[in-house]
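Hello,

Here is the structure I promised to hand over. Please have a look at it first; my notes follow below.

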Amino acid sequence: VLCSCGRSDNKLVMVAEATFPPYEFREGDRIVGIDVDIMTEVAREIGKELVVEDMSFDSVISAVQSGKADVAASGITVTEDRKRQIDFSVPYVEARQVIIVPGNSAIKGRDDLKGKRIGVQHGTTGDAYVTKNIQEPERFPNGALAVAALNAGKIDVIVIDGEPAKIFADRHKNLLILPEPLTVEEYAIAIRKGNTELLEQVNRVIRQLKENGGMAAIRAKYIK
Ligand code: ARG
């Protein structure tokens with residue numbers, strides 16, 4: 001009702017930054033991943049067609065606020081700051097921020113980070129953690145570009161979410177994830193404040209998927 005973007009009402013529009021496997025990533029010209037599968041279930045449940053749009057991570061929340069999108073499902077960590085801007089569904093997974101280094105790095109943990117060139121994905125909780133607790137990081141539009149910079153020796157470490165980190169480290173055998181996580185967080189779906197109908201629908205589907213094994217099946221599909 002609040003949307004003036006000319007889309008018809010039988011569509012459920014989801015936004016995500018789609019270089020974040022296993023949650024959202026491109027497979028050919030399709031965007032797939034855990035978040036897409038969860039939202040496909042929601043769309044099915046409410047009889048709408050899911051439309052997935054890719055945008056930079058630092059704009060997914062404002063897209064929901066403005067009504068450009070119905071939901072942002074983008075591996076979004078629940079934070080107090082974000083709670084002031086949008087409503088969060090019940091969480092659907094626990095996550096962590098981790099440190100990725102080249103295998104031959106002298107950096108062994110959090111205490112070695114000061115003064116190093118630290119890459120993060122712009123606008124993420126990794127960005128916020130490093131900025132607040134260590135120093136100004138080098139901000140990249142997405143994790144893939146941060147990995148390219150790390151491989152090119154332009155930065156010393158990356159701070160990023162643990163599951164994408166694992167996939168990046170699988171693809172680049174020279175990279176290592178340090179065992180000690182920096183944070184423990186939870187992911188949830190972002191919905192415009194006041195859209196309680198959709199919030200309840202999303203919550204209902206997440207609870208169902210957790211109870212009936214659907215969530216485990218979705219995760220198993222993308223996490224080897
Ligand atoms: N969990 C982190 C955050 O909420 C990073 C999420 C990045 N997601 C993405 N699809 N690129 O800030």
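**Gly-33 and its surroundings**

Gly-33 counts as buried because it has 25 C-beta neighbours inside 10 Å (buried means 20 or more other C-beta atoms within 10 Å of a residue's own, exposed 12 or fewer, partly exposed in between, with C-beta atoms placed from the backbone). This is a predicted model: local features need pLDDT of at least 70, side-chain atom pairs count only at pLDDT 80 or more, and totals for chains, interfaces and linings use all residues. Residues are numbered from 1 along each chain as its sequence is written.

Confidence comes next. The chain has a mean pLDDT (the predictor's confidence in each residue, from 0 to 100) of 96. Of its residues, 96% reach 70 or more.

Back to Gly-33. It sits in the loop between strand S4 (30-32) and helix H1 (34-46). Helices (H or I, at least four residues) and strands (E, at least two) are DSSP runs, numbered from the N terminus. Tyr-23 is ten residues away along the chain, yet the two C-alpha atoms are 4.6 Å apart. Leaving out residues up to four places away in sequence, Gly-33 touches Pro-21, Pro-22, Tyr-23, Glu-24, Phe-25 and Tyr-222. Contact means C-beta atoms, placed from the backbone, within 7 Å.

Now helix H6 (residues 162-171). Its Glu-163, Pro-164, Ala-165 and Phe-168 are buried. Their cover includes helix H5 (143-151) and strands S2 (19-20), S8 (93-102), S11 (157-161) and S12 (175-177).

Best wishes

Notes:
Contact = placed C-beta atoms within 7 Å.
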